[in-house]
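Hi,

Here is the structure I promised to pass on. Please open it and keep it in view while you read my notes.

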Amino acid sequence: MKLLTCPLNGPRNIDEFQYLGPLRPELSKDAPDAAWAVHLFRAENRPGPMVEWWRHTPSNTVFLAERHTVTDTVLRTWLPEPDA
Amino acid sequence: MMRLPAPFGTRIDRARPVTFRFEGRAVQGFAGETIASALAAQGQMMLSRSFKYHRPRGAFGLAGAEANTLVQVGAEPNVQADLRNVAEGLEVSAQNVAGSLAFDRTAAIGLFARFLPVGFYYRTFMGPSRQAWLRFWEPRIRALAGLGRVDPAARFPEGEKGHLHCDLLVVGAGPAGLAAAELAARGGADVVLCDVGPEPGGTMCHTPKGAAGPPEGLRVMTGATCTGWFADNWLSVVQGGMLWRVRAGQVILAVGGIEQPAVFRNNDLPGILSAGAVQRLIRLYGVMPGRRAVVLAGTPEGLDAAEALTAAAIPVAAIVLPRPLPGHEARIAALSAEVISGRIDEADGRGRVARVRVGNRWISCDILAVAVGQAPAWQLPCQAGATLGHDTAAGRFTLRLDRPGVHLAGTVNGYAGHAAAIADGRRAGQAALRALGLPAADEPAAIETAPKDPDAALAFWHQPLAPDPRGKDFVDFDEDLQVADLVNAVAEGYRELELVKRFSTVGMGPSQGRHSALATARIVAEATAREVAEVGVATARPPAMPEALGTLAGHGHTAERRTALHARHLALGADMRPVGAWWRPYLYGAGDRAARIAEEVAAVRGGVGLLDVSTLGKLEVRGPDAGEFLDRLYTMAHGTQPVGRVRYCLMLNEMGAVVDDGVALRLADDRFYVTSTTGAVARVYADMALWNAQWGLRVDVANLTGAFAGLNITGPRARAVLAALPGDIDFSGDAFPYLSGRCGVVAGVPVRAMRIGFTGELSYELHCPASLAPALWDAVMAAGEVRPYGLEASRILRLEKGHILIGQDTDALSSPDELGMAWAVSSKKPFFVGKRSVEMRRRLGVARRLVPLAFPAGTRGLGESCLVLADGVPAGHLTSVALSPTLGHPIALAWVPAGLAMPGTRVTVRARDGAVVTGDVAGHAFYDAGNTRQEVQK
Amino acid sequence: MVFRLLKYGLSRQYPVTGDLPPTPELRAHYDVVIVGGGGHGLACAHHLAKYHGIRSVAVLEKGWLAGGNTARNTTTIRSNYMTMQSIAFYREAVALYGSMSEELDFNVMFSQRGQLTLAHSEATLRAFHLRAETGRHMGIGIEVIGPDEVRARVPELHMDQGGGLEILGGLWHPDGGTARHDAVAWGYAREASRRGVEIHQRTAVTGFAVQGGRVTAVNTDRGTIGAGAVLIACGGMNYDMALRAGVELPIRCFPLQAMVTEPVKPWLHTLVSSVSLHTYLVQSSRGEVVIGGGSDPYQLYSTRSTLDLKEHLAEGAVHLFPFLRGLKVLRQWAGITDMTPDYSPIMGASPLENLWLDCGWGTWGFKATPVAGKRMAECIATGKVPDILAPFALSRFERFDLVNEMGATAASH
């Protein structure tokens, strides 16, 4: 099956991973309700490279991947820089 | 008998005769041969009846590429007789016949063939009434459809699965594959070579082109069919009942070609065989295909067949040459057969070919050997991304594959000649070594990058494909489609290849276009004035060869999870039921279920009960930011939660929907022990990791769900029982108040003890390492008065207190306001997941509420999901409902419109039997609304 | 009816009916441009032409006719949904399927053999009861049945008594069925083109010209055309296409895979579906058993197949019917599903005045073909969204007024 490279564990079969969805931009706290509702349901769904969250289940490693959503090519994977 | 003496029959073991039955008659064959060859040795060429017209059919290619050879073997349908070996006692019969293979009554359909054009079923069977299709026509058509038969009583062994890793997988052990594999192995690659045949060699096995010794230094899998290529060089190889999943660094597809049929009137008669099939019968199985042959030598392979026939002392009545074969004159002369220029225009015979016509001339024969050329076996290459082209001059398909890591070699790569195929194999092997970063096995100069292939010019004969006015010139044997059918499909407007396919069903049968795709593309190109390459073929999809569901399923074990107390429950006669993957006790003991459940409830309310809660999620959250972390994830305030206190925790998602609940015990400033529902913990654990990847708080989460067990001891006698056990925890009311937690030892077992609510009685939950749980359970039970209780009682106890069950009383969108849980939502915290949505949804207005409903004693027919009606229209439903043994009447939680949510409101419900009943909205809890019993100090 | 076939046997030349006309030249302007030549777009074109007298219609299909999800679905038709709004909608679709062959004079082989969904857990049974109660109120055929009746309906099922996947009951929906998906498209295409609708295959829409809150032109790879109104109905590409008009849809695309076995004599006479196993099976009138399941786990615009999913489907099929171990898979394929947050479609108006949406069809599109076509034609012809479509408006998300067909668990994506 497809391989995905965990930044910590290296290439693993994709069934060791859980898809956590696209990286979504933040919305400002001052945005009105309608904008918040749209933001909640907004889809990141363009055909092309997309940055998304993945989790390697056995090691509980959460990381980011950039993957082309048409060719399914994984361009890179990396551990996130958190913004605490 | 049509058997040839040794040395013919390299695969059969004459010392081991095998007897099986075909159509009720005993047949004797030899170990090592196929059902089809054993039958051919008896002169039985007819194996099946065609799908639509029930015409007699036999093998054409004898290579597992057609539906003509599908037979029923015992309980197994659609067995390829040309691939399945004989075995003692097999019961083989024809499929889809009314009567027998020899006398199939359904063949009468053939008389009406001209009334059944392509797609005829779309034009009719619609009337006279609307129900005509469903009630009359469809059952009849369904009865005619299908080939073999499944037997619901059949038992098949479970398939096995395995994994293989290698540097290089070579698919196909013909000349090119062997050359590639051996070269790569010599170069130091870890090579696996697989082939469908029982021995390596491919076409070399049945032609006198040169035998190969067994390849060395690599793993060889025989009887192994590579059925699929998937991303990152993950391939499926089926060997017997075993599914191998192969991860290969590099892949070489040396899968050869598929001999194509000649298209002419009655080209489907048994006895019309490909040149390869004739040679396989003679050389591999020692079978005389017939007694008098005609050879259609559109390509030199026809001469190979003629030579094999001659060697087997079968007279070749004529060699029909549609075109000259320069360079092969000597061979033709040596065959001493009459050479006729022309093509086969028609065949004739009843159940088997008896004569063929070239121009005006009929020639009698019982075998026609056909050589018109091969199509490259495009299935696997196209799965791997190869594009199919067409060399118009040569009239054949070509393949081009640009995917790194996958290579084509040999015939599939367009090389017709034996030496050329070998050279191309070596090229591919060298390319694979280079890609693997291994040193070249041979000098680059010794590798031909574009091998010369003098045989290529004659490899394919561009046979004419005009429709015969009298028809029966089959393009697709599986679907009984003639040339005119495809032409007519195009005429109807189905001009795209995929539309021709779907409208006519060409290529949709078991052979998936192996024998029809090339001719179809040419016919459609001609009919639509386009190039063949532009028309193309239908998308190649896995599997490249049919795969049994049993092989794909393997053992298919369902995982079961058991708590550490499983044996205790069984010993107590528990009714164990699956809850997800876990097994949990629903109730204990035999007898009237309702009565026993009521007893368990009463035991808890009046005495003390014991519940195994080990399946609960348990998460340890630790680190300097643990409090902040929980503050952000849950709705209540945990950052300020004192050490030793237990607090209810409610988790929302970003939409403000409740997704989980539990309790959190603060063990230290930087340590919390948090419970989660059985069903949600895996998701919660993942979400915690995702959130913190974004927040970067100094916190770590451990999932202890399986490591720890949990016992819930609840009832007015709970404290007395626990206090009587040896240990260092003071269970007295002052020392251990409601919603606090203590760590210590009870009956020799280290525990985390929490005093909580939920059941409405004095309640303690003890969590301990799972392996020690049985000892703790035994210690508690030894008190003598403790009553184990199960999930059914537990639900009633909780419902009597109005507690929600996540996933039952909540749905994908239910917010705390809708659930009446605004009390659990902090208004002070600046942020928690879902806060924004909760506030927004509050502003939009809360339209529905989950409320407790009390029904009059004796109300019948209430069940979960019964509808709440407002003015006769569904406006909600019951989510939980039970007859409360404590209160003596039915109680429920239900969704109602917000306007009906005030306590005291009368609500209408439709019972399961349709009767309309009413209940009243109650206050928060039905039982002990003041919570005095669960919060009791003394 | 069968007498129709006589002409085929009695004529010298094959008497061509002419189902699909060849793609004509593009004209400069159409009253209605439908982006997407699948079942929905063709059904809409048919309704516009036949019932609203609107014939200046172009259906633009980037590939071969109905080669997207219409060609790839597993042909399930049903109305056993959870919300009243959905039931009302799909109920109309079932009724329209019932008369479709007549309406189109093309046998779409609507086979109303019912759907049996299996419950292996109490939670599922609870959900079934909700569907049954609501469905009965809405007048559709639906009921919860116990294990004995499940066994009576499908005796070949492995009930797994005492096991982890014991069948506790089922949801029996006699209104459910299947139809020949390609025939649906061809039937609509033929009727529509007879009335002057133009069907343009191999014509890709590359973008839109938008001015003053309206679409003023449609750009294609064969030229630019003017349009009075535009409908977006292109399945997996709906998100991308709407974006080209500046409209963002809350849609995420996931592959949905399926597979089919070799044909065998009829043994399965209804559609059987298991929630817990994520597997469903139906036997077509060709005798092949179609096996489908759940969507792929991550977003992807691809119709590639995987071995893992095929293995999962096989496990599910073999668990329910162990004797199928000997049956062989012939082919696997996939479609691209445009999934919405509430598993309900997005139909009706868009922020642009003359741009209409028939999107968000996820895994529930084929069954809605006739009602979507009929009702979207109404939208376009009258300029107003009919009541039956109102709940599915795009604006429902910003009002947090979802039509929740997700079930007890939040959407996992």
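Below is what I found, starting with how to read the model.

This is a predicted model: local features need pLDDT of at least 70, side-chain atom pairs count only at pLDDT 80 or more, and totals for chains, interfaces and linings use all residues. Residues are numbered from 1 along each chain as its sequence is written, while chains are lettered from A and ligands numbered from 1 in the order in which they are written.

**Chain B**

Chain B has 938 residues, and 54% of them count as buried (20 or more other C-beta atoms within 10 Å of the residue's own; exposed is 12 or fewer, partly exposed is in between; C-beta atoms are placed from the backbone). It holds 21 helices and 48 strands. These are DSSP runs numbered from the N terminus: helices are H or I with at least four residues, strands are E with at least two.

The C-alpha trace of chain B spans about 115 × 75 × 55 Å along its principal axes. Its radius of gyration is 38 Å, whereas a compact globule of 938 residues would have one near 30 Å. That radius is taken over C-alpha atoms, and the globule rule is 2.2 Å times the number of residues to the power 0.38.

The domain assignment of chain B includes domain 3 (474–549) and domain 4 (566–614 + 708–797). Such bounds come from an automatic or database assignment. The C-alpha centres of these two domains lie 68 Å apart.

**Chain C**

Chain C splits into domain 1 (26–111 + 177–250 + 340–413) and domain 2 (112–176 + 253–339). Their C-alpha centres are 26 Å apart. In chain C, 33 residues of domain 1 are in contact with 34 of domain 2 (C-beta atoms, placed from the backbone, within 7 Å). On the domain 1 side, H4(C) gives the most, with 5 residues.

**Where B and C meet**

Between the chains, 81 residues of chain C are in contact with 85 residues of chain B. Which helix supplies the largest share of the chain C side? H10(C) does, with 8 residues. That side divides into 39 nonpolar, 25 polar and 17 charged residues. Nonpolar means Ala, Val, Leu, Ile, Met, Phe, Trp, Tyr, Cys and Pro; charged means Asp, Glu, Lys and Arg; the others, Gly among them, are polar.

Strand E29 (residues 547–548) of chain B pairs with E16(C) in the antiparallel sense over 2 bridges (DSSP must find at least two bridges for a pair). There, B:Ala548 has C:Lys328 as its bridge partner.

Best wishes

Definitions and conventions:
Two residues are in contact if their C-beta atoms, placed from the backbone, lie within 7 Å.
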